[in-house]
Amino acid sequence: MFIVILGSILGLMHAYVWKRMVKDTTAPGRFRIYCSLALAALLILLIAALIMPRVFDVTASRWLAWPGYLWFGVVAYLFLTLLALEPVRLGRRLWRKRQAPSESEPEPESPERRVFLSRVAAVAAGTATAGLVGTGLVNALGPPQTLRVPVRLPRLDPAFDGFRVAVVSDIHLGPLLGRAHTERIVRMINETEPDLVAVVGDLVDGTVAELGAAAEPLQDLVAREGAFFVTGNHEYFVEDTAEWLRELERLGLQLLRNENTRIQRGGAGFHLAGVNDLAGRSHADPPDLDRALRGLRGDDPTVLLAHQPVQVEEAADRGVALQISGHTHGGQMWPFHYAVELAQPALAGLSTVRDTQLYVSRGAGFWGPPLRVGAKPDISVLTLQSR
C-alpha cells in the first residue's frame, strides 16, 4: 500500500514536471516525444529502485538504487522550484489583465513568446535544482560533522564531570551505504575518545546476510563503558529483527531493550536506560518505559536512549533527566523539515520538555535520496557536567 501511494504521488509530480519542462517548452514533434519518453523512463527507474531491494538482494540492487534515488531528489526539487514559480506566472497574468483596456480581455500572447518565457522558467528551475542537489549530495556523502555539546544534568555527581557520550543515529546501511560508511563513522567516534557510545537506532535497511559485513566495523568501537544500542523503526522493517539483535551483540554492542544499567565511577553513578522504538508495537516488541526504568535509585539521574524524540513526553512524566534520540535526520532535505516538525517535538540539537532535556542527533546517514540540504550529518559528543 505504501508503494502504491508513493507511486501515485511520484506519478503526479512527474506529470507536473513534464507539463512545465517538456510540453510548455517544446513544439509538437519528435523532440517532445523523446523528452517525454525519457521522463517516463526516469519514473520507472525510480519506482524500480524503491521496489528492487524488497525483491532482490540489497547489494545486487545497488547499481539501480544509485541513479534511481538520485533522480528521486532531482525530481523532488524540480517539482518544488517549478511550483515556486507559479505565483510569478499568476502575477504576470493578472498584470497583463490590468494593462488591457477596460472591459476587454488582454490580447493573447504569441506562441513563440509563451515558449520563450516557459524556457526561461525551466532554465531557472533547473539551475536552482542543480545547485540544491549538488550541495545536498556533497553534504550527504561527506564526513559527518563532529558536534561537541555540553549538557548539565541535575543530581549528576561531580565524579562524572567531563564524561563523554558519543551519539550516532540513523546510519542506514543499505543499497547506498556500506562498509566504508561504517568504517569512517567508527574511526571518527574513536578519535573523540568517548567514555560511552550510544547508537540510537536505524542502523540497517536489509538482512544480516546482506549487510552483516557492512556492520562488522562496529566491533572496533572503543569506549571505557562500552557501546549501547536501541532499536529504531527501520530495525522492524527488516525480515528478522531478532537476527540483527543477535548479530549486534556478537559485535560487542550492549542492547537496551526496555531495560537499564548503572554507569559507575566509584560509588557515584547514573542510570542509562533504553526503550524500544514505537514501530515495535506492530512486531510484538513494543516500547515499555515503565519496564525500562524499573529498579532505579531515586538519587541518580537517568539518561534515556529512545530513537524517536516524540517519546520524550513519557520520559518527562517519569522524571528522566536527559533523553537522547535521532530519527528526524534534522529534516534531511529542506523544506521537507516542516513536515517532520509536525510529527516530532524537535528536529535537532538540545532542547527542554518540562524538566527533561532532549538531545536529537541529525544522524550520520540518509534515507531515500542521497541528499542532505540544510541538515548536515553529525556525530555528537555530549559532555556531561554536574550543577
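**View A. Where does R155 lie?** R155 belongs to the loop between β1 and β2; helices (H or I, at least four residues) and strands (E, at least two) are DSSP runs, numbered from the N terminus. The phi angle of R155 is near 70°, a positive value in a residue other than glycine. Most residues other than glycine have a negative phi. This is a predicted model, in which local features need pLDDT of at least 70 and side-chain atom pairs count only at pLDDT 80 or more, while totals for chains, interfaces and linings use all residues. Residues are numbered from 1 along each chain as its sequence is written, and side-chain values use heavy atoms, with hydrogens and water left out.

**View B. A cis peptide bond joins W334 and P335.** Here is another backbone detail to zoom in on. The omega angle of the bond between W334 and P335 is about 5°. P335 sits in the loop that runs between β9 (322–325) and α11 (337–343). For context, most peptide bonds are trans.

**View C. The strands β1, β12, β2, β3, β4 and β5 form an open sheet in that order.** This sheet has 6 strands with mixed pairing; two strands pair if DSSP finds at least two bridges between them. At the edges stand β1 (145–153) and β5 (253–255), each with a single partner strand, so one side of each has no neighbour in the sheet. From one strand to the next, the twist averages 25°. Now follow β2 (residues 163–168) along β12 (residues 378–386): these two strands run antiparallel and are joined by 5 bridges. In one of these strands, β12, S380 is the bridge partner of V167.

View D. Look at β10 beside β11 (residues 356–360): the two run antiparallel, with 5 bridges between them. For L350, the bridge partner in β11 is Y359.

**View E. Helix α3 crosses helix α5 at roughly 135°.** Two packed helices are described by the angle between their axes and the distance between the axes. The axes of α3 (residues 62–84) and α5 (residues 111–141) come within 9 Å; axes are lines fitted to C-alpha atoms, for helices over the stretch in contact, and angles run from 0 to 180 degrees between N-to-C directions. The helices α3 and α5 are therefore oblique to each other (under 35 degrees counts as roughly parallel, over 145 as roughly antiparallel, 65 to 115 as roughly perpendicular and the rest as oblique).

**View F. Helices α7 and α8 are roughly parallel to each other.** The axes of α7 (residues 208–215) and α8 (residues 241–250) cross at roughly 25° and come within 11 Å. The crossing in which α7 passes α8 is right-handed.

**View G. E86 forms a salt bridge with R20.** Side chains of opposite charge can pair when their charged atoms come close. The closest N and O atoms of E86 and R20 are 2.9 Å apart (a salt bridge is a side-chain nitrogen of Lys or Arg within 4 Å of a carboxyl oxygen of Asp or Glu). E86 lies in α4 (residues 86–99) and R20 in α1 (residues 2–23), so the pair ties together parts that are 66 residues apart in sequence. Zooming out, a search of the whole structure finds 16 salt bridges.

Note on methods
Left-handed = near helix turned anticlockwise from the far one by under 90°.
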